[in-house]
Amino acid sequence: MPELPEVEVVRRGLERWVAHRTVADVEVLHPRAVRRHLAGADDFAHRLKGHRVGVPSRRGKYLWLPLADTSQAVLAHLGMSGQLLVQPHAAPDEKHLRVRVRFADALGTELRFVDQRTFGGLSLHDTGPDGLPDVIAHIARDPLDPLFDDEAFHRALRRRRTTIKRALLDQSLISGVGNIYADEALWRARIHYERPTATLTRPRTAELLGHVRDVMNAALAVGGTSFDSLYVNVNGESGYFDRSLDAYGREGLPCRRCATPMRRRPWMNRSSYFCPRCQRAPRALS
Ligand SMILES: [Zn+2]
């Protein structure tokens with residue numbers, strides 16, 4: 001799954017190349033790509049036609065294109081392998097092209113949804129007063145959102161009987177933090193992933209949130225070059241960022257702070273990477 005920085009790179013690309021253009025027609029090449037639109041592919045295409053695309057928006061890993069002057073938006077589910085590409089009309093169709101959107105202008109480019117594994121797709125939803133598609137109304141703001149409430153997040157951590165990494169991945173508390181960035185931020189903050197959230201002081205929460213934002217912004221800075229080209233896409237799990245990771249994927253390699261070999265532990269069908277010296281297990285803390 002792409003993480004927040006990758007999705008934000010796509011959003012910026014779409015803002016540059018697709019925002020404010022009016023849909024001329026929509027071609028659904030594989031019905032599975034619009035299966036979440038229960039009225040079917042023809043209805044989906046009909047409802048987009050003639051509408052102008054507003055400024056693409058994102059919350060956490062969710063990305064949507066508002067349809068201007070309506071209270072609807074197209075939500076993009078990137079799944080495991082979904083890509084949104086802006087391509088010249090003349091570019092050959094991708095092998096796994098699922099949906100094509102043409103625009104009523106002379107810019108010469110079209111929007112393509114390409115998805116090899118077809119777990120992703122596009123769907124149309126009503127939006128609330130805040131512009132959020134109704135199906136993601138329960139998703140909390142992400143840490144890069146200027147309106148994210150640090151104090152409310154801290155209070156929620158103190159109230160819950162959970163552990164810190166579970167809390168970081170809980171989309172109703174904070175959105176957009178996936179496995180990779182959770183491990184990175186926890187390593188930077190020297191916090192063990194199993195630490196109970198009720199033990200975090202306000203300064204520790206603030207420090208951790210700072211690190212979450214730093215790792216995401218660092219990823220954005222690296223990925224930021226790709227949206228200068230006429231090509232925006234998502235390549236799965238943090239493709240361009242992994243060379244600069246400090247924790248994730250570094251089992252057995254020396255901790256970049258203290259040289260202790262990094263460890264990996266199974267965690268909720270995934271893995272947690274940590275330094276056993278810098279990030280002491282909760283029992284050792286007490
Ligand atoms: Zn260490």
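This is a predicted model: local features need pLDDT of at least 70, side-chain atom pairs count only at pLDDT 80 or more; totals for chains, interfaces and linings use all residues.
Me: Okay, and which residues are the protein donors of the zinc ion?
Reply: They are Cys255, Cys258, Cys275 and Cys278, each through its SG atom, and they lie 2.2 to 2.3 Å from the zinc ion. Along the chain, these donors follow the spacing C-x2-C-x16-C-x2-C.

Me: Where do Cys258 and Cys278 lie, then?
Reply: Cys258 is in the loop between α6 (202-223) and β9 (263-267), while Cys278 is in the loop between β10 (270-274) and α7 (282-285), so the pair ties together parts that are 20 residues apart in sequence.

Me: Is Cys278 buried or exposed?
Reply: Cys278 has a relative accessible area of 14%, and buried means under 20%, so this cysteine is buried.

Me: Changing topic: how many cavities of 30 Å³ or more are there?
Reply: A search of the whole structure gives two.

Me: What lines the largest one?
Reply: Its lining includes Val18, Phe44, Leu65 and Phe103, and the elements that give two or more residues to it are α2 (41-48), β3 (62-67) and β6 (97-103). By class, the lining has 12 nonpolar, no polar and no charged residues.

Me: And which element gives the most to the lining of the second largest cavity?
Reply: That is β4, with three residues, and the lining as a whole has eight nonpolar, no polar and no charged residues.

Conventions. Residues are numbered from 1 along each chain as its sequence is written. Side-chain values use heavy atoms; hydrogens and water are left out. Donors are N, O and S atoms within 2.8 Å of the metal (3.2 Å for Na, K and Ca); water is not among the atoms, so sites may look incomplete. Helices (H or I, at least four residues) and strands (E, at least two) are DSSP runs, numbered from the N terminus. Buried means under 20% relative accessible area, exposed over 50%, partly exposed in between (1.4 Å probe, protein chains only). On a 1 Å grid over the protein atoms alone, a cavity is a set of points where a 1.4 Å probe fits but cannot get out, and a pocket is an open set with protein on both sides within 12 Å along at least five of seven lines; lining residues have an atom within 4 Å of a point. Grid points are joined across faces, edges and corners, and a volume is the space filled by probe spheres set on the points. Ala, Val, Leu, Ile, Met, Phe, Trp, Tyr, Cys and Pro count as nonpolar, Asp, Glu, Lys and Arg as charged, and the others, Gly among them, as polar.
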